[in-house]
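Q: Hi! Could you walk me through this one?
A: Happy to, let's bring it up.

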Amino acid sequence: MSALAKASGALKSVDYEVFGRVQVLSGMHVVYLLALIVLFHYFSYQYTEEEARKLGVVGWVKNTRQGTVTGQVQGPEDKVNAMKSWLSKVGSPSSRIDRTNFSNEKEISKLDFSGFSTRY
């Protein structure tokens, strides 16, 4: 068991999916719009990874073909709960979060990841 787990008590794991939109101006050229979407997702990942590291949780984040962001978070229960709140209410500065679904929430005996990363 890691020092993080020993020091913090019960470990928790939860899967998530964030639904939202990138707001753009009407009449934008399609190529420019696609570039903005790619940039939005890059910064979403960057901010998600940064927040996870700041809170001390591990896991991953990934963009889906449906335009949502999905992933898994693991760590001490209080830190996972803090990340859940961030994913539901804050997100990256340019994001608009419509809703966040959490599933497969459970206690775990050990962490499956050593850090937080972006999956492609």
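Q: How far apart are the end C-alpha atoms of helix α3?
A: They are 18 Å apart, which agrees with the 18 Å that its 13 residues (77–89) should span at 1.5 Å a residue. The expected span is 1.5 Å times one less than the number of residues, and helices are DSSP runs of H or I with at least four residues, strands runs of E with at least two, numbered from the N terminus. This is a predicted model, where local features need pLDDT of at least 70, side-chain atom pairs count only at pLDDT 80 or more, and totals for chains, interfaces and linings use all residues. Residues are numbered from 1 along each chain as its sequence is written, and side-chain values use heavy atoms, leaving out hydrogens and water.

Q: Which residues of α3 are buried?
A: Val80, Met83, Lys84, Trp86 and Leu87. Buried means under 20% relative accessible area, exposed over 50%, and partly exposed in between (1.4 Å probe, protein chains only).

Q: Strands now: does β2 run parallel or antiparallel to β3?
A: Antiparallel, with six bridges joining β2 (residues 58–63) to β3 (residues 69–76); two strands pair if DSSP finds at least two bridges between them. Lysine 62 has threonine 70 as its bridge partner in β3.

Q: And which way does β5 run with β2?
A: Parallel: three bridges join β2 to β5 (residues 116–118), and tryptophan 60 stands opposite serine 117.
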